[in-house]
Amino acid sequence: MMNRSSQWYGGTDRNAYIHRAWMRRGLPSDAFDGRPHIAIANSASDLTPCNLHLDEVAEHVKHGVWEAGGVPLNLPVVSLGETNVRPTAMLWRNMAAMATEEMLRANPIDGVVLLGGCDKTIPALLMAASSVDLPAVVVPGGPMLTGTFRGVPLGCGTDVWKLSEEVRAGTLSQEQFLRSESSMIRSKGHCNTMGTASTMGLLAEVLGMTLPGLAGTPAPDSRLLEGAHETGRLIVEMVAAGRRPSDVMTRGSFLNAVVALAALGGSTNAVVHLLAIAGRLGVELTQDDFDRTGSGVPLLVDLQPAGRHLMEDLHRAGGLRAVLAEVRDLLDPAALTVTGRPLVEYLGEARVHDRAVIRPRREPLQQDAGIAVLYGNLAPDGAVIKPAAASPHLLRHRGPAVVFDSIEDLHARIDDPDLEVTADSVLVLRGCGPKGYPGMPEVSNMPLPPKLLAQGVRDMVRVCDGRMSGTAYGTVVLHVAPEAAAGGPLGLVRTGDMIVLDVGNRRLDLDVPAEELAAREPSPEMTAAFARPSRGWQRLYVETVRQADTGADLDFLIGSSGDHVPRESH
């Protein structure tokens, strides 16, 4: 079967001449003799600090591609740095996926290696690869090494939230807080907690989309470069075999990812990312699958934010495969990897080397750790909570709402000593969904009022239509759907209304009579704060984005278009 790139380079006509001639620039003539051309979709950027090292990784992928008889080609793609871009990186996940999809389809390539690290890059790249469905494999950029401050390990993100609350509580000086800044980020790589970057890197392997055993390798570890080289060889073999994402990522693969998400204590953000990837493939996956398949899975990995350790410890303790071996009976044995072999075949030699980091199945960190999906009159289309990151005593709670109509309203009033709030109150923040903010930012883990922090309070029930960082913790109900900006009942809550949270029964309710709710009008202050972009990507996004319960993709991007391009360029 002729390689796809030969449609561009094969032949003697004018168009083939143009395609070859402009690509020569040092390539020998036999580079166009039908050997596979491999794109390296590279999300390296100086403004995406967690992906800075991916240019080095790309060089090692190139070595492997050349060795296997392919032609490697660097393809810079849209890069999203979670720590820098405003208003939120999630606003551009779909744009990065769309742009990458279009470039993979438009160019003369036969397969692609996907290089990602920071939170949105691996999801966007997998969405793109799913929609174009060319042979594809992921090289996760890996976590950074553990930094320490005052002799104590620091978890990226998680300790930012903890230390900043201590400053607000008056138990840590501003000087000490700022001194910890240079200690936290010790090396290249993404966050070293079980945040979204770590979660999605690991779940890429569970989905079957990485070289088995590679995910979770720390970014500075030379074995990451070795794995990148091997991946370069692998993608050439995948092209020859015609092994595509649609062959690898099946429903069984996604359910395996749901099991792994629970066992790892992974980020709630994985819910919207896995739903979006499945939507591109046409794989049946719903929000409820996360609860049905994952809620009874024990938490085995003792990592921040749900536990104590960090990603370097997980790698040392045996890594992802050691965790999966503990729950092997819950995995679909037929789900394949990019090698063409089932995922479970790679678990036989997995060993746990530190039981303080990876707990045995019989002695889990938490018995039922998966994502819980809540329904009720406050979340008709669902909301999610991560019990592993919550306070057990708050998982069943009834309290009066303290409502914030926008992120600006929260910032203006949360530190007010006259704010009427107690430890039993339920903090409600709205206008933070896909349409309202726009982009569904990581603001759901609202800071606690200083006067409660001074009393020793460190957690409260919080409800929001936005997301929270995978490095965050607390009893936070998020992804409330429909969001307030889409007409959801969250927009009708008033301060003082009683909110009832019952995680055990999967309920989130507003204790207000239905007839009273029907008569209410949305808060004018809230609606005035909704995003109303007049042009560009933000306008396209707000007009077409779907809700969190289906993955927050754009309505016209669901599904795939394949790799065929019928018309020539000249």
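Ser253 is found in helix α12. Helices (H or I, at least four residues) and strands (E, at least two) are DSSP runs, numbered from the N terminus. This is a predicted model, in which local features need pLDDT of at least 70 and side-chain atom pairs count only at pLDDT 80 or more, while totals for chains, interfaces and linings use all residues. Residues are numbered from 1 along each chain as its sequence is written, and side-chain values use heavy atoms, with hydrogens and water left out.

**Ser253**

- Ser253 has 0% relative accessibility and so counts as buried. Buried means under 20% relative accessible area, exposed over 50%, and partly exposed in between (1.4 Å probe, protein chains only).
- The Ser253 side chain reaches the backbone oxygen of Val248 at 2.8 Å.
- Beyond residues up to four places away in sequence, Ser253 touches Val206, Leu207, Val248 and Ala335. Contact means heavy atoms within 4.5 Å.

**The open sheet**

- An open sheet is formed by 4 strands in the order β2-β1-β3-β4, and the pairing is parallel. Two strands pair if DSSP finds at least two bridges between them.
- β2 (71–76) and β4 (136–140) stand at the edges with a single partner strand each, so one side of each has no neighbour in the sheet.
- From one strand to the next, the twist averages 20°. Axes are lines fitted to C-alpha atoms, for helices over the stretch in contact, and angles run from 0 to 180 degrees between N-to-C directions.
- Strand β1 (residues 37–42) pairs with β2 in the parallel sense over 6 bridges. Ala41 has Leu75 in β2 as its bridge partner.

**Helices on the sheet**

- α5 lies across β1, β3 (111–116) and β4, and runs at about 165° to β3.
- Helix α10 (residues 222–241) also lies across β1, β3 and β4, running at about 175° to β4.

- Helix α5 (residues 121–132) packs against α13 at an angle of about 10°, with the axes 8 Å apart.
- α5 and α13 are therefore roughly parallel to each other. Angles under 35 degrees count as roughly parallel, over 145 as roughly antiparallel, 65 to 115 as roughly perpendicular and the rest as oblique.
- On the α5 side, the contact residues are Pro123, Leu126, Met127, Ala128, Ser130 and Ser131; α13 contributes His273, Ala276, Ile277, Arg280 and Leu281.
- By class, this contact has 7 nonpolar, 3 polar and 1 charged residues. Ala, Val, Leu, Ile, Met, Phe, Trp, Tyr, Cys and Pro count as nonpolar, Asp, Glu, Lys and Arg as charged, and the others, Gly among them, as polar.
- In helix α14 (residues 287–294), the buried residues are Gln287, Asp289, Phe290, Asp291 and Gly294. Their cover includes α12 (251–264), α13 (269–281), β7 (372–376) and β8 (379–385).

**His19**

- His19 is found in helix α2 (residues 14–23). His19 counts as buried at 12% relative accessibility.
- Leaving aside neighbours within four places in sequence, His19 contacts Trp8, Tyr9, Glu568 and Ser569.
- The side chains of His19 and Glu568 are joined by a polar contact of 3.0 Å. A polar contact is a pair of N or O atoms within 3.5 Å; within protein, one must be able to donate a hydrogen and the other to accept it, and residues adjacent in sequence count only if both atoms are side-chain atoms.
- His19 and Ser569 are 550 residues apart in sequence, with 9.9 Å from C-alpha to C-alpha.

**Asn505**

- Asn505 sits in the loop between β13 (498–502) and β14 (507–510). With a relative accessible area of 52%, Asn505 is exposed.
- The Asn505 side chain makes a polar contact with the side chain of Asp502 (2.8 Å).
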